[in-house]
Amino acid sequence: MQQITSAHNPRVKAWAGLLEKKNRDKQHKFLIEGIHLVQEALKARIVMECICYDIERGIPAELSEAAAASLDVEWIGVTAAIIAKCTDAKTPQSVFAVVRKSSDEAEVLLAEERSLVVVLDGVQDPGNVGTIIRSADAVGASGVLVGPGSADIYNPKVIRSTMGSLFHLPVIEGNLTEILPQAKERGIRLAGTSLQAAENCYAYDFTGSVWLLFGSEGRGLSPNVRELMDDGLIIPMQGQAESLNVAMAASVLLFEAQRQRYFNQ
């Protein structure tokens, strides 16, 4: 197995550059940090360029079996200083990996029967984006469509918040004003939360093809996307809270969709 000990090595500089979106876009790669995320990527057979581990500590026991297998991934021992340079966490873990971005297109979501898709329109908080992806994974949703203005799905904070769910379902970036009309043409209903809505989300039919629209934390859906929405939903609340944050609202609707689809016997 190869070793790299100089922080000035060209590969190290390229890896460290992946902490910035412009370099992730240019290289079509991103970083994942920590044993759990690397394990999830290996299980999902995600294409990885390399897995880097702390030379002093060795390959983590949880990954030793994968390292011994003849997988098409390069294992590289690096110094703690290199790990610190190439990771975003305040307390760097002993392993990180360089992963190739997914090549999935929106057609994957458009073609699925009875699709349940989350659509993010300008959701900017990385924690919210990651949590929504995780909830979509939890209920078995078809995927997540992320429009312009949302947090970069390959941002380290987003990736950590997904806890590996990014590797379990299609998470696709795309132009919503192009893709959503195609969805409507195929009979997919576009639903979203609305304070003006008359329909209780627990009375809504989630059993067909439904895409759930969620807008920015401050402004909600953009005007162009709001015009495309078919059904406005309200989440009833018995207490005094005025509203839920976008990740919580998405989770409520997703789990109601799951209940209707799989547990409404």
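Leaving aside neighbours within four places in sequence, R186 is in contact with E107, L110 and A111, contact being defined as heavy atoms within 4.5 Å. The model is predicted: local features need pLDDT of at least 70, side-chain atom pairs count only at pLDDT 80 or more, and totals for chains, interfaces and linings use all residues. Residues are numbered from 1 along each chain as its sequence is written, and side-chain values use heavy atoms, with hydrogens and water left out.

R186 is placed in the loop between α9 (176-185) and β9 (189-193); helices (H or I, at least four residues) and strands (E, at least two) are DSSP runs numbered from the N terminus.

Seven strands form an open sheet with parallel pairing, in the order β8-β7-β6-β11-β9-β12-β10. Two strands are taken to pair if DSSP finds at least two bridges between them. Strands β6 and β7 run parallel and are joined by four bridges. Across this pairing, V118 stands opposite V144 in β7, and L120 stands opposite V146. In a regular strand the side chains alternate between the two faces of the sheet. In β7, G143 and L145 point one way and V144 and V146 the other way, and all are buried.

The largest nonpolar core has 55 residues, and those with the most contacts inside it are I32, M48, I51, L120, I133, V144 and L212. Such a core is a set of buried Ala, Val, Leu, Ile, Met, Phe, Trp, Tyr and Cys residues joined through side-chain atoms within 4.5 Å. Its largest share, seven residues, comes from helix α11 (residues 246-263). Apart from this core lies another, of 19 residues, among them L109, V117, L145 and L190. Beyond four places in sequence, L120 touches residues including V129, I132, L176 and F214.

The 18 residues of α11 should span 26 Å at 1.5 Å a residue, and the end C-alpha atoms are 25 Å apart, which agrees; the expected span is 1.5 Å times one less than the number of residues. Buried residues of α11 include V246, L253, L254 and R261. The elements covering the buried residues of α11 include β6 (116-121), α7 (126-138), β9, β11 (210-215) and β12 (231-234). At the N-terminal end, N245 caps α11 through a side-chain oxygen 3.1 Å from the backbone nitrogen of A247.

Three aromatic pairs are present. Rings of Phe, Tyr and Trp (its six-membered ring) pair if their centres lie within 6.5 Å; planes under 30 degrees apart count as stacked, over 60 as edge-to-face and the rest as tilted. The rings of W15 and F96 have centres 5.8 Å apart and planes at 75°, so this pair is edge-to-face. W15 lies in helix α1 (residues 10-17) and F96 in strand β5 (residues 95-100), so the pair ties together parts 81 residues apart in sequence. Both W15 and F96 are buried. The rings of F30 and Y154, with centres 4.5 Å apart and planes at 40°, form a tilted pair.

Notes:
Buried < 20%, exposed > 50% of the residue type's maximum accessible area, 1.4 Å probe, protein only. Polar contact = N/O pair within 3.5 Å; in protein donor to acceptor, adjacent residues only side chain to side chain.
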